[in-house]
Amino acid sequence: MVEYLGGHHTNLPYGNMGWPLLGETLAYLKPHKSYSMGVFLQEHCSRYGKVFKSHLFGHKTIVSCDHELNMYILQNEEKLFQSSYPQALHGILGRLSLILVTGDVHKKLRSLALGVIGGTKSTVNFLPSIEGLSIAMMESWKGCTEVVFCKEAKRFTFNLMMKHILSIGPDEAVTAEILGDFHTFMKGFVSLPIHIPGTSYFKAVKARERITSTIKGIIVARRKEERLQNGDFLDLILARENLSDEERVSLLMDLLLGGYETTATLLALLIYFLADSPQAIQQLREEHLTIRKNKKDGELLSWEDYKQMNFTLNVIYEGLRCGNVVKFVHRKSLEDIKFKGYLIPAGWKVLPIFTAAHHDPSLHENPWDFNPWRWDDQATNKKVSFFGGGLRLCPGGDLAKLETAFFLHHLVLNYSWKIKGDNFPLAYPYVEFKNILAIEIEPIQKTMEHKC
């Protein structure tokens, strides 16, 4: 029992180890509004301080709601700390997932991901493909008075990633096939890790196997073309000779997952927060009207236009801060570490909680308010960590901002909207809306209306 409570270590943070085996995991994972810390963290920080000990996910754990410690953890990846996710995620994500691998393997795959994303952004069709899908979605809403935005956002981001990664269009049969498997795949993330037929976890593992098989088939077909000519992620990955096919498939899966789920969540959060901020919508609309006035009819957006979307980026950053697409990450300490008088013992799990820092009143004035203007102060950038940090800084962060900005450009120039019913984002810990975010829409220039 002494060992379970923390052994004979001195200077451990205060805390509660909860029940044997279970610890406090169930209470920690209890869903809560994503724009709050949740009752568990609020009560523990109030009782024990911003850094406390617990027993989570089957391990003795140090939980950090302290931004300074969080950044220290992220900046010392592979030196003092290392990525360490629950074993159940390995079965879903695969052993070579960028999220799970460490050391030289992670360095190799992350470098490749950065190169692939950077290389694709320089192609002539990159921006037109983003804008084309944005325009197509606006067109598909014509005549509608109501849309289920979460579903639409996922359709948009998935089609976009399929185009970027595999040069596959939204109307091709394989797109619907992979999207269906991804829906099953995502449900396994918050399920009990019971690998028995019929469970969500089992279905998620099988869905991943089907996606993997489909991607392998696409790779075989692309090789038969004998030359790489699509200019997509797959072309760039196949051109790298120092990769195994297992690594190629795993990286393509990571790019699909990251670009699909997280960007769709960001879009939904922005729609939600903006609906209650008419002043922000007005300034956003004015910014995009100014950009549009300087362009010819039908002329597409350019990189120069994107550089003028300053308030748009403020809105995106504030949505990330308030909504918390990623609540926390899993790490473990590689040696005994002392920080502000606390001991973090070697081998203990460490959870940096980004949500807590994003809602810390000592860092952000009125932190629960959606306030894009706070980003006019450059110092705000140093008080957040929504893209992670250090060696594991999200490689697709810039891509997500670009896609979101282009989508918002066409949205605010074409529609106004309001949230329908009782709707808000919940952290499970991944973010999902209570009622799939149904919204009522109205064209800026009214057209015939009927309910879709």
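Q: Which residue in strand 9 does V63 stand opposite?
A: The model is predicted: local features need pLDDT of at least 70, side-chain atom pairs count only at pLDDT 80 or more, and totals for chains, interfaces and linings use all residues. Residues are numbered from 1 along each chain as its sequence is written, and side-chain values use heavy atoms, without hydrogens and water. Strands (E, at least two residues) and helices (H or I, at least four) are DSSP runs numbered from the N terminus. In strand 9, the residue opposite V63 is L351.

Q: In which sense do strand 3 and strand 9 pair?
A: Two strands pair if DSSP finds at least two bridges between them. Strand 3 covers residues 59–64 and strand 9 covers residues 349–352. Over four bridges, the sense of their pairing is parallel.

Q: Which strands are the edge strands of the open sheet of five strands?
A: The sheet has mixed pairing and the order 2-3-9-6-4. From one strand to the next, its twist averages 35 degrees. Two strands pair on one side only, and these edge strands are strand 2 (51–56) and strand 4 (81–83).

Q: At what angle does helix 2 run to strand 2?
A: Helix 2, residues 39–48, lies across strand 2 and strand 3. Axes are lines fitted to C-alpha atoms, for helices over the stretch in contact, and angles between N-to-C directions run from 0 to 180 degrees. Helix 2 runs to strand 2 at about 130 degrees.

Q: How many nonpolar residues are in the contact of helix 12 with helix 16?
A: Helix 12 (residues 278–293) and helix 16 (residues 397–414) have axes 9 Å apart and pack at an angle of about 95 degrees. Among the residues that meet are L284 and H288 in helix 12 and A405 and H409 in helix 16. Beside three polar and two charged residues, the nonpolar residues number six.

Q: With which side chain does the side chain of K50 make a polar contact?
A: K50 is found in the loop between helix 2 and strand 2. Leaving aside neighbours within four places in sequence, its contacts (heavy atoms within 4.5 Å) include V63, S64 and D360. At 2.7 Å, the side chain of K50 makes a polar contact with the side chain of D360.

Q: Is Q82 buried or exposed?
A: The place of Q82 is in strand 4. Leaving aside neighbours within four places in sequence, Q82 is in contact with E77, T102, H330, R331, K332 and L334. Under 20% relative accessible area counts as buried, over 50% as exposed and in between as partly exposed (1.4 Å probe, protein chains only). With a relative accessible area of 18%, Q82 is buried.

Conventions
Ala, Val, Leu, Ile, Met, Phe, Trp, Tyr, Cys and Pro count as nonpolar, Asp, Glu, Lys and Arg as charged, and the others, Gly among them, as polar. A polar contact is a pair of N or O atoms within 3.5 Å; within protein, one must be able to donate a hydrogen and the other to accept it, and residues adjacent in sequence count only if both atoms are side-chain atoms.
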